[in-house]
Amino acid sequence: MAKKIITIGDSAQKIGKTTVSGKGSGAVVKRSGRAQQGNPQKNTYTLTPYSGGNGTYTEADGAEQRRQLRESYEAAGDPLVAARDYVTGKGYSGVVNWDGESVTIGGIPVDAAYVVDGTAYIPRSAADSAVSQLEEKNGIIGNAGVNGLVESRYGSMLDDALDAVVNREGFSYEPEDDPVYGAYRDMYLREADDAFRRVLEENNSSVTGATGAVLSQALSSRNDYLGRLAGVIPTLAADAYDRYTGETDRLLSALESVGGAANSYYDRLYAQNRDAYGDMVSAGEAERAERQRWADNERNRINDQYDNSLDAVDIELRNKQLGSYDAMAEQELRRAVLENAVTEQEYANAAAEAAMDNAAARGFFVREDESALPWLARYRAGNGLYSISPLDAALRLEYETQLARNRADYEAMLWGMY
């Protein structure tokens, strides 16, 4: 049965272990003499005395009696074990003594079922009970107890810290999900609209009444602010990535801290357990060295395990960073596309404005004006003249400019600019 650990101080204490004493009148079979009756674990078993010749047992008779006795204890669920081998297997060498009459484990007397060639065989429950008393008296919790306490205190913390790093989602940046970008977008849209209206007001014009030049200047002012909005996205994405990597570093640091605390706690418990055992068995230097070797191997195993985990985390983070770089490259491409669209619109507006100014100066249109005013071709008559005047064309240009602005706004919306 497992022990229940309830307190940890300068020495460990254990309570709550249910044992069966295994004591009683267990028969002791010797090389000569008559066997006694036994009552192992409430199962009554009577050894039949040898009835031959001089009334003494032979070695063959004793072997049969021992076999029957072992089977009786086995059937009762409490098999017989070799006292010294069993206790040594639990990590306590040099504590079992057989003086020819009685068995002691760390000074605790245990009734033997029988003894053969100096080896005492005792019920397993009696051996476990004696070892439990030995550990409690000397403040020993054993290797399993040390590992159990470390696992109880730090196991879930280590698992949670490792899970937080390994299973963390990769970096991604969506401007529409960033409140900082939202604030920039609102600000630049307001300033773009204000700039547009300001140009109209400075020229005492309205959208419907402004000349092509005024409208072009107003749109140019507005587009300037929209261009600034496009330029802020890479900076915001870089800031978001810095925050992401900073949180990753914090999680890694937390994992290392918990692992270090677990190692320190393990070392302290192991030292207490080792010292208690050393005080109990003065001749246990070989056992002490073996336990230290086991502790070093176990610590190295734990360190290797978490080092490997950290390496795996680093590889995973690098893979996620590659995906993040792709996302940033895509965002940069979007910004370049929008800037090209804005530049092309500005160029078209400037060319249209120049063509309109020339037409207004001469009072009519010519064929060359169609390169800047492609809609003008629809008004060209068969004789090469145009059915629309520069004044009417100015109104038409205002309409075309509004359509272009709407297309630019729609394009910006598609690219997630606002």
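Colleague: Hi! Which residue is the bridge partner of Ile 105 in β6?

Modeller: Hi! In β6, Ile 105 has Ile 108 as its bridge partner. Keep in mind that this is a predicted model.

Colleague: Got it. And how many bridges are there between β5 and β6?

Modeller: There are 3 bridges, and strand β5, residues 103-105, pairs with β6 in the antiparallel sense.

Colleague: What sheet do they belong to, and in what order do its strands come?

Modeller: They sit in an open sheet of 3 strands, ordered β4-β5-β6, with antiparallel pairing. Its edge strands are β4 (96-98) and β6 (108-110), each of which pairs on one side only. On average, neighbouring strands of this sheet are turned by 30° against each other, if you ignore direction.

Colleague: Nice. Which helix packs on that sheet?

Modeller: That's α3. Helix α3 touches β5 and β6, and its direction makes about 180° with that of β6.

Colleague: Okay, new topic. What is the strand order in the open sheet that has β8 in it?

Modeller: The order there is β3-β8-β7, an open sheet of 3 strands with antiparallel pairing. The edge strands are β3 (80-82) and β7 (114-116), and each pairs on one side only. From one strand to the next, the twist averages 30°.

Colleague: How many bridges hold β3 and β8 in their pairing?

Modeller: The pairing of β3 with strand β8, residues 119-123, runs over 3 bridges in the antiparallel sense. Here are some residues you can find in the structure: Leu 80 stands opposite Pro 123 in β8, and Ala 82 has Tyr 121 in β8 as its bridge partner.

Colleague: Which helix packs on this sheet, and what does it touch?

Modeller: Helix α3, residues 124-138, packs on the sheet and touches β3 and β8. The direction of α3 makes about 95° with that of β8.

Colleague: How many residues lie between β7 and β8?

Modeller: There are 2 residues between them, and the two strands form a hairpin. In the turn, look for Asp 117, which has a positive phi of about 50°.

Colleague: How do the lining residues divide into nonpolar, polar and charged?

Modeller: For the second largest pocket, the lining has 10 nonpolar, 7 polar and 6 charged residues.

Colleague: Last bit, the whole chain. How many helices and strands does it have?

Modeller: The chain has 8 helices and 8 strands.

Colleague: And what share of the residues count as buried?

Modeller: Of the chain's 418 residues, 38% count as buried.

Key:
Residues numbered from 1 in each chain as written. Predicted model: local features only at pLDDT ≥ 70, side-chain atom pairs only at ≥ 80, totals over all residues. Heavy atoms only, no water. Pairing = 2+ DSSP bridges. Helix = DSSP H or I, 4+ residues; strand = E, 2+ residues; numbered from the N terminus. Axes fitted to C-alpha atoms, helices over the stretch in contact; angles between N-to-C directions. Contact = heavy atoms within 4.5 Å. Nonpolar A, V, L, I, M, F, W, Y, C, P; charged D, E, K, R; others polar. Buried < 20%, exposed > 50% of the residue type's maximum accessible area, 1.4 Å probe, protein only.
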